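Colleague: I have a model open and would like to learn how to read its side-chain contacts. Where do we begin?

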Amino acid sequence: MAPERETPVRERAVSGATAASRHRGPRLDQPRAPRRRLLPEYDPEAFGRLSERIARFLGTGRFIVWMTVVIIVWVVWNISAPAGLRFDEYPFIFLTLMLSLQASYAAPLILLAQNRQDDRDRVNLEQDRKQNERSIADTEYLTREIAALRIGLGEVATRDWIRDELQEMIKELESRRDGHHPGTGVNLTLPAEQPRGRDADDR
């Protein structure tokens with residue numbers, strides 16, 4: 001009897017061990033903990049919107065005017081200012097470096113803005129194509145309905161046709177009342193019934 005009592009305890013221990021081993025894996029009902037990344041995280045949409053703003057500003061006349069004013073002031077200052085206050089002597093190497101950095105950053109930003117615009121145009125074109133397909137389908141459906149209505153109206157009796165038919169029926173009834181078949185002039189009245197007394201005499 002003792003060994004039989006020990007078997008449920010062993011089964012419980014084994015089942016508990018399997019349950020514990022199951023819970024050792026990742027839980028599917030809980031979100032994963034965020035992993036640490038070496039690179040800084042950023043929002044692609046926010047960066048894309050910023051790049052579009054910069055690209056729009058670079059493509060305006062205001063940016064060209066401001067850049068021209070800055071370059072003229074830079075050159076005039078480094079030529080006419082006292083020697084101790086000049087920070088970029090001729091041939092203005094620092095100015096060349098700044099303009100190169102500006103160009104190297106402006107080109108990728110403009111390309112990124114163009115890519116985002118291409119994506120939006122692609123989505124708009126797809127929506128326009130679907131809208132055109134729906135419009136064509138609706139037009140075809142309305143065309144079929146109009147054709148069916150025309151066919152149905154062709155089989156429906158019109159008011160003029162009913163009026164003509166009624167007039168013909170009235171004329172035919174009037175002619176029958178007068179005792180003549182229309183168009184023949186033949187008397188269609190039935191002979192009067194003879195008295196029954198003659199029949200008795202004939203017999």
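**Reading side-chain contacts**

Modeller: R120 is partly exposed, because its relative accessibility is 32%. Buried means under 20% relative accessible area, exposed over 50%, and partly exposed in between (1.4 Å probe, protein chains only). This is a predicted model: local features need pLDDT of at least 70, side-chain atom pairs count only at pLDDT 80 or more, and totals for chains, interfaces and linings use all residues. Residues are numbered from 1 along each chain as its sequence is written, and side-chain values use heavy atoms, with hydrogens and water left out.

Colleague: Which residue forms a salt bridge with R120?

Modeller: First, the rule. A salt bridge is a side-chain nitrogen of Lys or Arg within 4 Å of a carboxyl oxygen of Asp or Glu. Here E52 bridges to R120, with the closest N and O atoms 2.9 Å apart. This pair links distant parts of the chain: E52 sits in helix α2 and R120 in helix α4 (residues 93–155), 68 residues apart. Helices are DSSP runs (H or I, at least four residues), numbered from the N terminus.

Colleague: Is E52 buried or exposed?

Modeller: E52 counts as buried, because its relative accessibility is 8%. E52 also forms a salt bridge with R56, the closest N and O atoms being 3.9 Å apart. R56 is exposed, at 52% relative accessibility. A network of salt bridges links E52, R56, R116 and R120.

Colleague: How many salt bridges does the structure hold?

Modeller: Eight. Another pair is E172 with R176, at 2.8 Å between the closest N and O atoms. Both lie in helix α5, four residues apart, so they are about one helical turn from each other. E172 is partly exposed at 33%, and R176 is exposed at 57%.

Colleague: What describes a pair of aromatic rings?

Modeller: The distance of the centres and the angle of the planes. Rings of Phe, Tyr and Trp (its six-membered ring) pair if their centres lie within 6.5 Å; planes under 30 degrees apart count as stacked, over 60 as edge-to-face and the rest as tilted. That rule gives four aromatic pairs. In one of them, F57 and F63 have ring centres 5.5 Å apart and planes at 70 degrees, so the pair is edge-to-face. Y90 and F92 are also edge-to-face, at 5.6 Å centre to centre and 85 degrees between the planes. Y90 is exposed at 69%, whereas F92 is buried at 11%.

Colleague: Which residues form the aromatic cluster?

Modeller: W74, F87 and F94.

Key: Helix = DSSP H or I, 4+ residues; strand = E, 2+ residues; numbered from the N terminus.
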